[in-house]
Amino acid sequence: MFTKVLIANRGEIAVRVIKACREMGIRSVAVYSDVDRASLHVRMADEAVPIGPPPAAESYLHMEKIVQSARRTGAEAIHPGYGFLAENAAFARVCVEAGLVFIGPTAPALELVGDKVRARQTMEKAGIPIIPGMKSLPRSINEFEGAARELGYPVIVKASAGGGGKGMRVVEEEKDLRPSLEAGMREAKSAFGDETVYLEKYIEEPRHVEVQVLSDMHGRTVHLYERECSIQRRHQKIVEESPSTALDPAMRAEMGETARRAMEAAGYTNAGTVEFLLDKNRRFYFLEVNARLQVEHPVTELVTGIDLVRQQILVAAGERLDIAQEDVRQRGHAIECRIYAEDPKRNFLPSPGKIRVYREPAGPGIRLDSGIYEGWDVPIYYDPILAKLVVWAENRERACRRMAAALSETVILGIQTPLAFLRDIVTHEAFRTGRTDTSFLKTHFENYGERPTDEDGLRLALAAAAFAETKAAAKPDRGRDGRASGEATTPWTSLGRWRNGGA
Ligand code: MV4
């Protein structure tokens, strides 16, 4: 087993990997940019190496600096987390050439699944259901027109190097095809440096269901069941859960087995996810492979009891998976809410700044994967995810209630967060009854920002934050919230009284 692992990431996911290392007796090395000097992942790691200025291209995306940091600190392996270099085949190769283990799939597997057209060809050959569409790349607009007519409109233009929605265009009729192709190619070129696009039949109001897979380097591949991730906004997932309300046991078994075979066909090792789209007739189609640990992995950990990061590290070290498919059970129900530093009332505008007051929820079946602490400044440079609140309960109804309660218990003051918005989602009638498709937010929360704002509540919250700060400063012998034990009046009781109609 490794004695030291470098984590090429920041925030809550770096913290998550550091914790897994600690539990396994592995020393952890954090890397950090200039704005992350005081970040939680730096404080939690056994060692930390500065890697440059705030822009990701000069720090978290800088392959040589990261590899050098690993070599200098004597780390044997690099965990990339998600985002940044996680699905970068060139980086996986650079690691191996430097004698380091990349904790993830091999470079060839990353290349294969990163090329959507090649991935579709591979899956079709393996008998995996793919979305009807082009199976090779056409040379002329005429060929696109012929393919679109054969598929029947609406069709969707996708970037072969894409994923996550970039370069996508829905085309309703033939006259729009050419301009959409041109726009899609331009966007693909600037986003991925590759203008290759292709067409698929457009599936309307699909559900997004994905299957977690785990695979070792000795030929064993198991699936860990599904996550439903349909509640999204601009291809940004917001709420995820497992099991999906859209599947029955037979479909679940079939989708799991299909995902397992898909990963085998791709020669995939380590942890990965097979995404499917589910149409209105409940047919499912292969969409793409996410070749990384995903943000929403805790949902799977809670229903299966399997620590995915630990398994990633074990498999990368060459160990055999000691999990048999028939031992993987989906027990109870898990839901995850993503807590971003953004303001749902102002069109999800980023909300960086100092976290003045921070209270974490706790209790049975409550897990918070967080990358923040009270007094920390949220920088503007990176993905604004602060933390993920994940709950588990015996069934979906109780998981919804537990989530709503845990959201209410969570306090983040000083910046805007979607805590109230998330609570509105998980208490919504359509969510409660499992009617979650990819149009959920558009259908039920389209004009969320235009609802009356709680100005008085905001003012009181700010006053409470200021109060906590001044008290903490004035009385350093007390806790950070400035409250000695037994003291009755706190900002929270004031807020509670105000909410109940009298202060
Ligand atoms: C689609 C689709 C409908 N038909 N492909 C969006 C992200 C990218 N990974 C694939 N996406 C889609 N591909 C066909 N043929 C609809 C989407 C889509 C979507 C997919 C999953 C979750 C949310 C979505 C929101 C809008 C569009």
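Predicted model: local features only at pLDDT ≥ 70, side-chain atom pairs only at ≥ 80, totals over all residues.
Is F348 buried or exposed, and at what relative accessibility? At 12% relative accessibility, F348 counts as buried, where buried means under 20% relative accessible area, exposed over 50% and partly exposed in between (1.4 Å probe, protein chains only). Residues are numbered from 1 along each chain as its sequence is written, and side-chain values use heavy atoms, with hydrogens and water left out.

**View 1. F348 has a positive phi.** Here phi is near 60 degrees, in a residue other than glycine. Look for F348 in the loop between β15 (342–343) and β16 (349–350). Helices (H or I, at least four residues) and strands (E, at least two) are DSSP runs, numbered from the N terminus.

**View 2. N270 also has a positive phi.** Its value is near 80 degrees. N270 belongs to strand β12, which covers residues 270–278, and is buried, with a relative accessible area of 2%. For context, most residues other than glycine have a negative phi, and most peptide bonds are trans.

**View 3. Y153 and P154 are joined by a cis peptide bond.** Omega is about -5 degrees at this bond. You will find P154 in the loop that runs between α7 (141–151) and β6 (155–159).

**View 4. A cis peptide bond links S242 to P243.** For this bond, omega is about -5 degrees. P243 sits in the loop between β11 (236–242) and α9 (249–265).
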